[in-house]
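Please read the following points alongside the coordinates; they are set out as a colleague's note, going from the overall fold to single residues.

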Amino acid sequence: MKRLAILMPAFDEGERLTRTLAELAGVSKSCGISVSITVILVDDASDTPVDFALAAKTLHDVHLVFARHVLNLGQGAALETARRLALSLDPSFDAFVTMDADGQHAPADVLALADSIFQGADIALGDRFGGASNTPASRRLLLHLARAFERWTTGLRLSDAHNGLRGFSRRAMEQMRLRQNRMAHATEITHWVARHLSSRGTAPKLTVVEVPVSIRYTEASLAKGQRATGALAILADLVRAFFFGDQREAR
């Protein structure tokens, strides 16, 4: 049996989180005994704290590991907390997939990314333009600009940029460490991927694939998603880290 850890940051998702967990529970049943799923859920100091008992009940037989930040630190910090928990609590996970808690990500796509890792890839990046995403025109423009920025700064020709659906092997997960607490962690991951596409010393290079996924945009998810002002905040974080050596550790 393969073992999958789903790293899920959450901040004030309410019913959206409950629906996401219910969908995961349904997909888990369809896997039968072939894949064991554990959700590492990190509440990033939501104004209304995540109800752990309700989350566990909703997931039914899916394993749940729950943590809560005392202060709101940002999605990057919540992912780093989930990453550390997954690595420290269970040495037998075969694959790790990051997934948003707001219902944008389909559990079936999570399994597709995990399958790429099970088949031998080290990093599987979701490609929303290869799937059946209902991406609004304004969001398409913002994402194309982000993709151009990533290509300019890393040389990577990715089909998508800043997609929260990503899969990692254990050896990739052990090497990665997020220092950007907020949304700039997405660009930090892309830069990290670019650095590890070639051999480093005696360590073999990591293999990267892109997997078509379908992002489900709703009014609620768009209201919480990245806007142009959010992109400027990300740029400010990256510039500060580049020029001033901002190496804040995710707690």
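How many helices and strands does the secondary structure of the chain come to? The chain has nine helices and seven strands, where helices (H or I, at least four residues) and strands (E, at least two) are DSSP runs, numbered from the N terminus. This is a predicted model, in which local features need pLDDT of at least 70 and side-chain atom pairs count only at pLDDT 80 or more, while totals for chains, interfaces and linings use all residues. Residues are numbered from 1 along each chain as its sequence is written, and side-chain values use heavy atoms, with hydrogens and water left out.

1. Overall quantities. Of the 251 residues in the chain, 49% are buried; buried means under 20% relative accessible area, exposed over 50%, and partly exposed in between (1.4 Å probe, protein chains only). The accessible surface of the chain comes to about 11,900 Å², and 57% of that surface belongs to carbon and sulfur atoms, the areas coming from the Shrake-Rupley method with a 1.4 Å probe. Among the contacts in the chain with a separation of 6 or more, 80% are between residues 24 or more positions apart, contact meaning heavy atoms within 4.5 Å.

2. Seven strands form an open sheet with mixed pairing, in the order 3-2-1-4-6-5-7; two strands pair if DSSP finds at least two bridges between them. Strand 3 (63–68) and strand 7 (208–212) stand at the edges, and because each has a single partner strand, one side of each is left without a neighbour in the sheet. From one strand to the next the twist averages 20°, with axes taken as lines fitted to C-alpha atoms, for helices over the stretch in contact, and angles running from 0 to 180 degrees between N-to-C directions.

3. Strand pairing. Strand 1 and strand 2 pair in the parallel sense over nine bridges, and Leu-7 has Ile-40 in strand 2 as its bridge partner. Strand 2 also runs parallel to strand 3, joined to it by six bridges, with Phe-66 in strand 3 as the bridge partner of Leu-41. The chain passes from strand 2 through helix 2 (residues 52–59) to strand 3 in a right-handed β-α-β crossover, a term that applies if, with the strands pointing away from the viewer, the path from the first strand over the helix to the second runs clockwise. Strand 5 (residues 123–127) and strand 7 are parallel and joined by five bridges, and Leu-125 stands opposite Glu-210 in strand 7.

4. Helix 3 (residues 75–89) lies across strand 1 (2–10), strand 2 (35–43), strand 3 and strand 4 (95–98), and runs at about 150° to strand 1. Helix 7 (residues 185–195) lies across strand 5, strand 6 (166–169) and strand 7, and runs at about 45° to strand 6.

5. Ser-169 lies in strand 6 and is buried, with a relative accessible area of 9%; not counting residues up to four places away in sequence, Ser-169 touches Asp-94, Phe-96, Ile-117, Ala-121 and Asp-122. Thr-135, in the loop between strand 5 and helix 5 (137–154), is buried with a relative accessible area of 9%. Thr-135 is 80 residues from Ile-215 in sequence, but their C-alpha atoms are 7.4 Å apart in space.

6. Backbone angles to check. Most residues other than glycine have a negative phi, and most peptide bonds are trans. Asp-12 has a positive phi near 50°; Asp-12 lies in the loop between strand 1 and helix 1 (15–31) and counts as partly exposed at 26% relative accessibility. Ala-45 has a positive phi near 55°; Ala-45 is in the loop between strand 2 and helix 2 and is buried, with a relative accessible area of 10%.
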